[in-house]
Amino acid sequence: MARTLISRRSVLEGTAALGALLAAAGELSAQPRPPTPLPPRDTFVIRGATVLTMDDNLGDLAAGDVHVRDGAIVAVALRIDAAGAQIIEGRGMICMPGFVDTHWHLWTSLLRPFVRADVAELGYFPVSNRLGQLMTPEDSYRSVMLGLSEALSAGVTTVHNWAHNVRSPEHADAELSAMRDAGIRGRFAYGPAQGMPDDQPMDHAGLARVKRDWMPGDGLLTLGICSRNVGAMSIGGATRGVLTIEQTKRDWDGARALGLPITLHTSGPSPIKLLEDAGLLGPDVQLVHPLLTTPEERAILKARGVSYATAPVGEARRPASVGVIQLGELLEAGIKVSLSTDHTTNYNCDPFVAMRILFALHQHRIGDKVPLTVKRLVRLATLDGAIDLGIAEKTGSLTPGKRADLILVRSTDINMAPAGDPYEALVSLAQPSNVDTVIVDGRILRQAGKFTALDHAKVVRDAQEAAATLRGKAGWPG
Ligand SMILES: [Zn+2]
């Protein structure tokens, strides 16, 4: 596949002369799509909302104001009068940090017509492994854009894009372009590709190229890697790949040489002891699916500063024989925990339901032994996600000085009213349709439950078209 002769950033900042140069070089087809214009960063005051800051020093306000300027939170107070600021009515709404989703395979979003929850051979893993190998960079763009549109609609303002189908440099650029065009904050976890042999090293040159061309950009996107599974075949083996500890060291060392963090699935036989014995665990490692850890392993994770992302909606569908969500055990051990969607092929992105299911499972299993508050769950879905991704200095709470990633949730809707305790309302009653306004880095991306710039109908049409083409290419369901 052709590669551009010049850096992507140069192209993005390019001139007509540069375009002519590329055309002359016959490279125009490999040019990344131009950025879609995003709304400007406004100066505004959100007036009279129930403000949940998730900042222990600031606390919450039953009715208060939030002032945003140049993409940053300037102040949170009972009353703010800022000359020239647009006023956004916040009465009847909960103003809170946007949700931080810490593990999501966005490239699988358009596989919805193919995946079945109740037919094993049409399950998420075999379908994504088979069809993933047929996906073009354009398919990746459309799939990631579909997922991100849903993320923003549900109030997610930061996403960890777990991209384990990076088939070429163009696939990486396509996924990053979708993240840029959606205006969301996030980490791109550069991965292997579906069908890639386990003994093939990860593409460190491609990883270095993405770091050079895309980072730090405007500060919204960060970079890491997603690792193939370690040590033993387990759930999702073919989809995720399986590495020996020597192969793991090779892949991880290359990422660490570039200063990049690592994420890894752990469902099935636990690799934690193996990784610890090889000296590979550290605070730059995020594990996914906390189902089967032992007390000894939890002590290791705490000592090494490793975090764990749970994806409760999908994990709750697995047989109990592969483990239960150990939220209580992890929190008691002092391990960093965060909340994630995983994928949206046979369920949707709904952080409220994720919190609700997590709470129900915890109460059902060990709630009488390990107390858990609804406020703790909202923190898990916001600030703790930012801590997990290493960006808590930028987002995760409504702390003045942080970037303005916040949402307004209507508490006057029929499923919420008459709302009492706001945390109770969010965890027990809310749904994505209550998310009125979504702001990322000071840009109002959604207002009154609608996108301000993104063409949602086109995103859906593009995904439908790509899925239909993929169906033909695969000869599905043959
Ligand atoms: Zn996953």
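In which strand is the place of Asp65? Asp65 sits in strand β2, which covers residues 60-69. The model described here is predicted.

Leaving out residues up to four places away in sequence, Asp65 touches Val45, Ile46, Arg47, Gly48, Val51, Ala75, Val76, Ala77, Leu78, Arg79 and Ile80. Asp65 and Pro400 are 335 residues apart along the chain, and 12 Å separates their C-alpha atoms.

Asp251 belongs to helix α8, residues 245-257. With 3% relative accessibility, Asp251 counts as buried. Once its neighbours within four places in sequence are set aside, the contacts of Asp251 are Pro201, Met202, His204, Ile225, Arg228 and Leu243.

**Packing of helix α5**

Two packed helices are described by the angle between their axes and the distance between the axes. For helix α4 (residues 137-153) and helix α5 (residues 169-182), the axes come within 8 Å and cross at roughly 30°. Angles under 35 degrees count as roughly parallel, and α4 and α5 are therefore roughly parallel to each other. Their crossing is right-handed. On the α4 side the contact is made by Pro137, Ser140, Tyr141, Val144, Met145, Leu148 and Leu152. On the α5 side the residues are Glu170, His171, Ala174, Glu175, Ser177, Ala178, Met179, Asp181 and Ala182. Sorted by class, this contact of α4 with α5 has 10 nonpolar, 3 polar and 3 charged residues.

Helix α5 also packs with helix α6 (residues 204-214), at an angle of about 35° and with the axes 11 Å apart. The crossing of α5 and α6 is right-handed. Pro169, Ala172, Asp173, Leu176, Ser177 and Arg180 of α5 make this contact with Arg209, Val210 and Trp214 of α6. By class, the contact of α5 with α6 has 5 nonpolar, 1 polar and 3 charged residues.

**Cysteines**

How many disulfides does the structure hold? The structure holds 0 disulfides. Cys95 is in no disulfide, and the nearest cysteine sulfur, that of Cys349, is 19 Å away. Cys95 is buried, at 0% relative accessibility. Cys349 is likewise in no disulfide; the nearest cysteine sulfur to Cys349 belongs to Cys226 and is 19 Å away. Cys349 has a relative accessible area of 2% and is buried.

**Backbone geometry in loops**

| Site | Backbone feature | Value |
|---|---|---|
| Met215 to Pro216 | cis peptide bond | omega near 0° |
| Ala417 to Pro418 | cis peptide bond | omega near -10° |
| Asp70 | positive phi, not a glycine | phi about 50° |
| Ala448 | positive phi, not a glycine | phi about 50° |

Pro216 is in the loop between α6 and β9 (221-226). Pro418 is in the loop between β16 (406-410) and α16 (422-429).

Where is the place of Asp70? Asp70 lies in the loop between β2 and β3 (72-77). Is Asp70 buried or exposed? With a relative accessible area of 55%, Asp70 is exposed. Ala448 is found in the loop between β18 (443-447) and β19 (450-451). The relative accessible area of Ala448 is 54%, and exposed means over 50%, so Ala448 is exposed.

Technical notes. Residues are numbered from 1 along each chain as its sequence is written. This is a predicted model: local features need pLDDT of at least 70, side-chain atom pairs count only at pLDDT 80 or more; totals for chains, interfaces and linings use all residues. Side-chain values use heavy atoms; hydrogens and water are left out. Axes are lines fitted to C-alpha atoms, for helices over the stretch in contact, and angles run from 0 to 180 degrees between N-to-C directions. Helices (H or I, at least four residues) and strands (E, at least two) are DSSP runs, numbered from the N terminus. Angles under 35 degrees count as roughly parallel, over 145 as roughly antiparallel, 65 to 115 as roughly perpendicular and the rest as oblique. A crossing is left-handed if the near helix is turned anticlockwise from the far one by less than a right angle, and right-handed if clockwise. Contact means heavy atoms within 4.5 Å. Ala, Val, Leu, Ile, Met, Phe, Trp, Tyr, Cys and Pro count as nonpolar, Asp, Glu, Lys and Arg as charged, and the others, Gly among them, as polar. A disulfide is a pair of cysteine sulfur atoms within 2.5 Å. Buried means under 20% relative accessible area, exposed over 50%, partly exposed in between (1.4 Å probe, protein chains only).
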